[in-house]
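Dear colleague,

I am handing over a structure that you have not worked with before, and I would be grateful if you could look through it alongside the notes below.

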Amino acid sequence: MKIAPSLLSCDFSVMGSEIERMDKAGADWMHLDVMDGHFVPNITFGAPVIKWVRPYTKKPFDVHLMISEPLRYIDDFAAAGADIITFHVECDSDINATIDKIRENGVLPGLVIKPATPAEAVFPYLDKLALVLVMTVEPGFGGQSFMADMLPKVRAIKEECARRGIELPVEADGGIGEATIAQTAAAGVDVCVAGTAVFKADDPAKAIAALQAY
Ligand code: DX5
Ligand code: ZN
């Protein structure tokens with residue numbers, strides 16, 4: 001299992017060294033949660049901050065856009081150093097145009113579904129995507145309880161990909177830690193985001209290794 005620590009749970013006054021700390025602890029990717037206070041009821045940071053912290057690791061930057069109009073900002077996030085940009089199928093931008101814009105920038109595109117959105121919502125785009133992200137909490141905040149009833153959506157996406165003969169990694173985000181990783185792995189998830197479980201651990205390296213073992 002690949003583990004992407006969510007920087008939402010880090011000390012933002014020293015974000016660069018928090019990224020270095022996660023790099024040394026064995027993180028596979030860095031997960032950066034961008035919130036606009038409109039698509040979700042919380043505000044975090046934008047492309048300028050990502051640009052400033054980009055030099056602190058060589059690991060891939062997995063940028064999760066929880067914003068209403070991602071298409072308007074794709075060039076900015078690509079220029080800031082995103083390797084993967086995921087955005088919500090529930091957003092107001094044109095989905096195909098946004099995927100194309102991400103690809104034009106040489107970045108890998110992923111679509112995200114909120115808990116109320118069915119797996120089928122991403123089916124029309126599967127052939128163009130590099131990743132699907134299934135939310136296992138309501139987006140907006142770290143530290144929420146894992147929603148196990150989201151896992152059948154992971155299986156449905158994996159089955160549809162297999163039917164089409166495509167290999168697409170599925171990422172899960174929200175409430176993942178030692179108590180929930182086994183069922184998440186069993187559902188076929190390839191990459192897990194973990195905020196609280198890693199940042200609040202006494203030994204983040206040990207916490208990441210324990211999750212990666214699945
Ligand atoms: C929630 C974010 C998550 C969040 C995960 O909107 O997308 O990435 O930080 O945090 P935990 O692991 O604490 O649920
Ligand atoms: Zn996220």
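This is a predicted model: local features need pLDDT of at least 70, side-chain atom pairs count only at pLDDT 80 or more; totals for chains, interfaces and linings use all residues.

Residues are numbered from 1 along each chain as its sequence is written, chains are lettered from A and ligands numbered from 1 in the order in which they are written, and side-chain values use heavy atoms, with hydrogens and water left out.

The chain has eight helices and eight strands, these being DSSP runs numbered from the N terminus (helices are H or I with at least four residues, strands E with at least two). Its radius of gyration is 16 Å, close to the 17 Å that the globule rule gives for 214 residues, so the chain is as compact as a globular protein of that length; the radius is taken over C-alpha atoms, and the rule is 2.2 Å times the number of residues to the power 0.38. Those C-alpha atoms fill a box of roughly 40 × 35 × 30 Å along the principal axes.

Of the 214 residues, 53% count as buried (under 20% relative accessible area, with exposed meaning over 50% and partly exposed in between, for a 1.4 Å probe and protein chains only). Among contacts (heavy atoms within 4.5 Å) between residues at least 6 apart in sequence, 65% join residues at least 24 apart.

The largest nonpolar core has 62 residues, and those with the most contacts inside it are Leu32, Ile50, Leu65, Phe77 and Ile157; such a core is a set of buried Ala, Val, Leu, Ile, Met, Phe, Trp, Tyr and Cys residues joined through side-chain atoms within 4.5 Å. Not counting residues up to four places away in sequence, Ile50 touches Leu32, Val34, Phe45, Phe61, Val63, Phe77 and Ala80.

Val193 lies in strand β8, residues 191–194, and counts as buried because its relative accessibility is 2%. The C-alpha atoms of Val193 and Ala4 are separated by 4.6 Å, although the two are 189 residues apart along the chain. Leaving aside neighbours within four places in sequence, the residues in contact with Val193 include Ala4, Ser6, His31 and Ile176.

Pro124, by contrast, lies in the loop between β5 (108–113) and β6 (131–135), and it counts as exposed because its relative accessibility is 58%.

With kind regards
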